[in-house]
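Please look through the sequence and the model before reading on.

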Amino acid sequence: MAKTIWVLVEIEDGRPARSSLEVLSKAAHLGRAEAIVLGSAAATVAPSLGEFGAEKVYVHADPTYDTYLTLPAVDTISDLLQRQQPDLLLFPTTYDVRDIAARLSARHNLGLITDATDLRYEGEHLEVTVPWGGENVVVATHPYQGTGIVLARPKAFSVERFEGRQAEIEQLSVTLRSESQQMKILDRVEVQSDGPALEDASIIVSGGRGLGKPENYHLVEELATVLGGAPGATRAIVDAGWLPYSYQIGQTGKTVKPTLYIACGISGAIQHLAGMKGSKYIIAINKDEHAPIFSVADLGIVGDVLTILPQLIEEVKRRKAQL
Amino acid sequence: MKIFVCVKQIPDPNTVESKLDPATKRLVRTGVSLVLDPGDETTIAAAIKLRDSLGNSELTAISMGPASAQEALRRALAMGVDRAILISDPALAGSDVLGTARTLAAALKRENPDLIFCSTESTDGYTGMVPGAIAEFLGLPQLTFAREITVEGSKAVIKRVTQTGYEVVESPLPAVVTIASGSFEAIYPTMKGIMSARKKPFSQLSLSDLGLESSQVGEAGAREQILSIGKAEARAAGQIIKDEGNAAEIIADFLQRHQLL
Ligand SMILES: Cc1cc2nc3c(=O)[nH]c(=O)nc-3n(C[C@H](O)[C@H](O)[C@H](O)COP(=O)(O)OP(=O)(O)OC[C@H]3O[C@@H](n4cnc5c(N)ncnc54)[C@H](O)[C@@H]3O)c2cc1C
Ligand SMILES: Nc1ncnc2c1ncn2[C@@H]1O[C@H](COP(=O)(O)O)[C@@H](O)[C@H]1O
């Protein structure tokens with residue numbers, strides 16, 4: 001029988017978040033995908049979800065979910081779980097969804113597999129692929145009957161269109177508990193950056209501590225600009241305060257999969273590789289020939305970023321002018 | 001105020017590539033150097049800072065792990081934590097997120113904490129799920145991914161990191177708070193700190209002290225199972241070239257060849 005898979009769909013700027021749609025598309029391939037969408041924009045987002053694979057959408061358009069973190073959503077999904085037992089909750093890995101998943105797991109004693117990059121059913125059995133350390137993968141499962149939770153790594157799946165699919169919409173009539181309105185968002189502050197968003201850029205030029213000092217980061221920005229890409233960073237220089245967190249790529253930052261990734265003065269720590277290893281082409285510039293970043297590079301240059309970057313910016317400009 | 005910080009001992013991420021034993025499917029902990037999770041060091045620094053600013057407060061570090069984990073707790077004490085609790089029991093081996101959180105929650109419950117600090121995620125497991133599960137087991141709110149925390153009266157307010165900036169979030173106490181790694185200056189233990197750590201209260205608990213059944217934790221209680229461990233698809237090794245003044249051209253050629261210009 002087809003497996004029923006629930007996907008919690010987050011809303012970003014009034015639209016379904018890309019990481020949610022990636023997971024929804026995957027769920028639609030695995031079985032019967034049902035979406036849950038909560039918050040004031042939920043009703044406007046819900047009808048479009050059929051096209052991304054949902055057969056059914058549970059909707060609760062209440063602004064409480066936008067103001068109070070985690071608990072209202074946990075309560076609502078818990079109520080739904082009392083009525084129905086899906087085979088799987090397949091959720092995107094975002095900070096908000098992670099918090100929700102952890103509590104659902106504890107409240108209902110549901111097994112939890114995180115950081116999945118693939119999953120499939122072998123007959124009745126779910127098999128989940130999870131990267132482990134630098135080079136290993138683990139295949140794991142929930143060895144029991146009943147609902148399990150899997151959190152998928154961003155960019156593990158691509159967003160697909162299911163032309164003409166229309167989702168049945170069910171409006172949830174839940175009363176939100178006042179005692180769950182505890183973690184209140186008082187303010188949201190955006191730290192804007194120019195250029196294309198890292199997640200969407202097809203070219204990323206990224207810098208690390210090898211740039212030496214914050215004033216040299218402009219070389220990374222300039223190369224990104226001439227290539228029409230976005231600048232990124234390692235955690236080392238984000239932690240050092242050179243740049244805001246939104247630039248950070250890696251395990252605790254963004255996962256990116258551009259066509260081209262240029263790593264400048266980056267050692268290639270496992271936590272950084274976790275966020276960019278999926279890039280189609282990787283070029284690395286590092287003065288240490290043993291830097292681990294070279295193990296994933298298609299083209300590795302052993303040299304000084306501070307000399308090479310200015311030359312490269314000029315060379316790219318020159319060749320672009322000739323095209 | 002009674003403040004707690006949950007910390008874990010892990011294989012040193014700077015020198016050890018963490019491995020799973022193909023037979024037991026557990027983390028290899030023997031013969032590798034073990035350290036206090038560097039993420040937890042940041043969290044301890046945040047907790048110490050808050051304790052000192054509040055005054056009249058006690059900070060306790062708590063860890064669930066094998067006997068060796070007392071080293072990690074000793075380091076926490078040397079950094080300035082006041083007291084340590086180690087929960088250690090053979091039945092806890094192989095615990096998953098729920099088993100770990102259930103155990104820590106049971107130990108924390110006995111202490112009536114006002115505030116429980118965790119790291120946003122551990123460096124070895126990085127599920128980031130234990131803190132939320134602890135909060136649920138204790139019926140407490142959770143404030144996650146904090147870069148800053150202030151406590152006013154019976155409320156905590158944090159700056160919570162988001163993809164595009166930050167949110168200001170408040171919650172009543174008691175609460176679980178998770179700290180984003182790197183957001184607080186590390187504290188290095190001084191000689192004096194290390195000496196005084198030996199005299200600080202250190203208690204050890206077993207499963208029966210917590211009133212938990214061995215079927216609820218450890219491998220017996222785990223809700224997930226590892227089926228196999230394999231090698232990830234390696235990227236084909238690329239070309240590595242030493243710059244002899246023509247690196248810019250070599251890179252530009254590569255870009256042109258792959259139509260990236
Ligand atoms: C829990 C946890 C999560 C983490 N998450 C992330 C994450 O999401 N993203 C992330 O990036 N990191 C993350 N890290 C940190 C990670 O382990 C590394 O510390 C970090 O990626 C290193 O950044 P870096 O490469 O800029 O600096 P370094 O490791 O210091 O590397 C600098 C490199 O620059 C080279 N260099 C120096 N000068 C020059 C020059 N003139 N020209 C060319 N090359 C030069 C050096 O040879 C060196 O290889 C995490 C760590 C932990 C513990
Ligand atoms: N065995 C443990 N003992 C104490 N604290 C833990 C343990 N496991 C996880 N934690 C806490 O939960 C955080 C997140 O861990 P994880 O969910 O494994 O990524 C850690 O950084 C610790 O603060």
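1. In strand β16 of chain A, Leu260(A), Ile262(A) and Cys264(A) point one way and Tyr261(A) and Ala263(A) the other, and all are buried (under 20% relative accessible area with a 1.4 Å probe, protein chains only; over 50% is exposed, and in between is partly exposed). The strand covers residues 260-264. Strands (E, at least two residues) and helices (H or I, at least four) are DSSP runs numbered from the N terminus.

2. This is a predicted model: local features need pLDDT of at least 70 and side-chain atom pairs 80 or more, while totals for chains, interfaces and linings use all residues. Residues are numbered from 1 along each chain as its sequence is written, chains are lettered from A and ligands numbered from 1 in the order written, and side-chain values use heavy atoms, without hydrogens and water.

3. β16(A) pairs in the parallel sense with β14(A), residues 203-207, over 5 bridges; pairing requires at least two DSSP bridges. Gly207(A) stands opposite Cys264(A).

4. β16(A) also pairs in the parallel sense with β17(A), residues 281-286, over 5 bridges. There, Ala284(A) is the bridge partner of Ala263(A).

5. What lies close to ligand 2 in polar terms? A nitrogen atom of the ligand is 2.9 Å from a polar backbone atom of Met64(B), and a polar side-chain atom of Thr127(B) is 2.9 Å from one of its oxygen atoms.

6. β4(B), residues 58-64, is among the elements that each supply at least two residues of the shell around ligand 2. β4(B) gives the most, with 3 residues.

Terms used. Polar contact = N/O pair within 3.5 Å; in protein donor to acceptor, adjacent residues only side chain to side chain.
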